[in-house]
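Good morning. I will go through one model today, taking a pair of helices, then a sheet, then some domains. Please look at the structure as I talk.

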Amino acid sequence: MTATVTELDALESESIFVFREVAAEFERPVILFSGGKDSIVMLHLARKAFAPAGVPFALLHVDTGHNFSEVLDYRDATVNALGLRLEVARVEEYIADGRLRERSDGTRNPLQTVPLLDAINGHRFDAVFGGGRRDEERARAKERIFSLRDEFGQWDPRNQRPELWSLYNGKHRPGEHVRVFPLSNWTELDVWNYIEREGIDLPSIYYAHERDVFERDGMLLAVGPYSQPRDGETVSKRVVRYRTVGDMSCTGAVASTASSPAEVVVEVAASELTERGATRADDRVSEAAMEDRKREGYF
Amino acid sequence: MSTLLRLATAGSVDDGKSTLVGRLLHDCKAILADQIAHVKTVSQARGGDFDFALLTDGLRAEREQGITIDVAYRYFATDKRSFILADCPGHVQYTRNTVTGASTADVVIILVDARHGVLEQTRRHLAVAGLLRVPHVVLAVNKIDLVGYDEAVFTKIAEDVNEVADQLGIADVKAIPVSALVGDNVVDRSAQTSWYDGPTLLEVLENATGRDDISARPLRFPVQYVIRPQTDEYRDYRGYTGTVASGTVAVGDPVIVLPAGRRTSIAGIDRPVVTATSTAVAERPSAVAGEAVTVRLADDLDVARGSVIVAADASPGTRRELAATVCWLSDRPLTVGARLLIKHTTTTAQAIVTKITGALDLDTLGVIDATGLDLNDIGKVQLKIAAPLTADPYSSNTITGSFLLIDAHDGWTLAAGMIDDEEGELL
């Protein structure tokens, strides 16, 4: 008999396999959960991997303090509905007591690394699931599914373990941990097709809504407590949606009328810009901005 | 419904591999405006023309040195299917990355510079593709524009490669004259190679079949993790999770659980049913190779991670000794007597290398005597293992036939292993 497994089913099975390997081989895994679509899909896959039992992992949110309220509400509702344990590492606490200093550009994404590493050490997490996808960015394209981090949380792209077949090597020494990327082989379009197929709820900001925005560096930034127009930047009411959800001060919206997963699928398939290119100021800093952040221990 | 094809590239330094990948993505319209703008800016800043390699070479050191260091994964789709491309580096020191990329590939594209012909690296890449049993090998004879689109040059290289492929037992090598820089025969047919009437690279990729139909082989189901919810609704539930490695599994099928060797049957196969607030399972009648499922057994047996559920009429038995071919991926050499860890399906156990029976000589493609193995060597070894493994020869099952050797001290992955046929010879 011949049987063909479709693309989405193949991706789903690969991700579920990864979750089960980690559950079996690590003692204290944790899922990085921001309330963004990739982490939501990741949690959905983890739930499928262990049904009818619950997810045997805690969640960790590295909170920049610059949040969309819809996303925090979604996070808390999900945690409550599923009875999950949520740990929050707060960038604001680090700024308040001087361990971190606010950057001149006001962006807090790069500041997440230290609270993240402290949380990993403090809770002795040995496997940390991230929703990073290889199609997102050039440095992420080089990432393993199981990616070893040393005591300093550093990634050494020139010295990664070979990763063969579906034999994932999670061996690590005390103090080291492994970042695990179950969505490595998913594209943005796969994620949206899957959200549509599975009927997964997302925070409302992923769909078209009216918002006061101003334009900066070719991106539409929301007017809010963390991002105010500068001289010469004019505010207008536009119909927009968010393609990625991150720190409010550096995540841009896109003009869009897509109000359902099916409409987003059509929009993403026709897009002329990549997800990060359209929406993330922090990746525009240099040729290798993401690589530099990842080397230091970023997601 | 579209299916996925996994491909890997291999070539020597300066064969133009990253350029080919960039060209393939570009001509498939898989490169978006901001990526093109980025490459334009960087290319101009360096005072050069649009450099396709910059589309894939993402690391700082790669851009500085103009080489590819690690496997980069790329994703693109045509109207016919979706592709996952593992772009592997050409440098000898990064051969381990070629092995990595080829281990999951349905197609490997080996590049040869038309001006240089077959090199030692070409032989190495062909050997890796043959050993890992990649179903299709495409030979891209690149820079054909630099030899004046000379048919004789192309034919000679194709013949040389076919000779090597024959020796290695690789059945299917498709040679294509291409220029990645200009775009000849990558996606669009070249007007310069009228003597070539075969398919373009993309046509080969769109029409390639995947791995042999592993669903037609006997059932192998390595147990990953045991689910016991112990909730009111699922008080006595005991589900064995895993991904079907080969064959199909259906409710009622008689099976044997190894290594214990106990007979039982499949009582149920469950699929998850997950809503925003509830987590449950529903029954499904069967599952095929590649699907991640949960099975329940008719009898209450001792089944744990490392157990393998197999077809009752086609049990492979278990073994504590293996003869295998290994690709040595570490700069720490292997010597006889080494104590290592072996990771095979869902079992990790101690192993001792009892014998090194030979190494592949890339010049003659024969096996020569060896007392140790160094980085990038392909050798034959015998292993004694502390736990019984449920294993098949790699030639009949790439999942139950493959393993890793791991350094017990620091966890480093030292080797990729493929279990030999009973008769012994894989090389």
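Let me start with a definition: a crossing is left-handed if the near helix is turned anticlockwise from the far one by less than a right angle, and right-handed if clockwise. Helices (H or I, at least four residues) and strands (E, at least two) are DSSP runs, numbered from the N terminus.

Now the source of all this. The model is predicted, so local features need pLDDT of at least 70 and side-chain atom pairs count only at pLDDT 80 or more, while totals for chains, interfaces and linings use all residues. Residues are numbered from 1 along each chain as its sequence is written, and chains are lettered from A and ligands numbered from 1 in the order in which they are written.

First, the helices. α2(A) passes α6(A) in a left-handed crossing. Helix α2 of chain A covers residues 37-50, helix α6 of chain A covers residues 188-198, and they pack at an angle of about 50 degrees with axes 11 Å apart. Axes are lines fitted to C-alpha atoms, for helices over the stretch in contact, and angles run from 0 to 180 degrees between N-to-C directions. α2(A) and α6(A) are therefore oblique to each other; under 35 degrees counts as roughly parallel, over 145 as roughly antiparallel, 65 to 115 as roughly perpendicular, and the rest as oblique.

Which residues make the contact? From α2(A) they are K37(A), D38(A), V41(A) and H44(A), and from α6(A) they are V191(A), Y194(A), I195(A) and E198(A). Contact here means C-beta atoms, placed from the backbone, within 7 Å.

Next, the sheet. In chain A, six strands form an open sheet in the order β3-β2-β1-β4-β6-β5, with mixed pairing. Two strands pair if DSSP finds at least two bridges between them. β3 (86-90) and β5 (146-149) of chain A stand at the edges with a single partner strand each, so one side of each has no neighbour in the sheet. Within chain A, β4 (residues 127-129) and β6 (residues 177-180) pair in the parallel sense over three bridges. The bridge partner of F129(A) in β6(A) is V180(A). Helix α5 (residues 113-122) of chain A lies across β2 (58-63), β3, β4 and β6 of chain A, and runs at about 140 degrees to β3(A).

Last, chain B. An automatic or database domain assignment divides chain B into domain 1 (4-211), domain 2 (215-311) and domain 3 (319-419). In chain B, 13 residues of domain 2 are in contact with nine residues of domain 3.

Note on methods. Contact = placed C-beta atoms within 7 Å.
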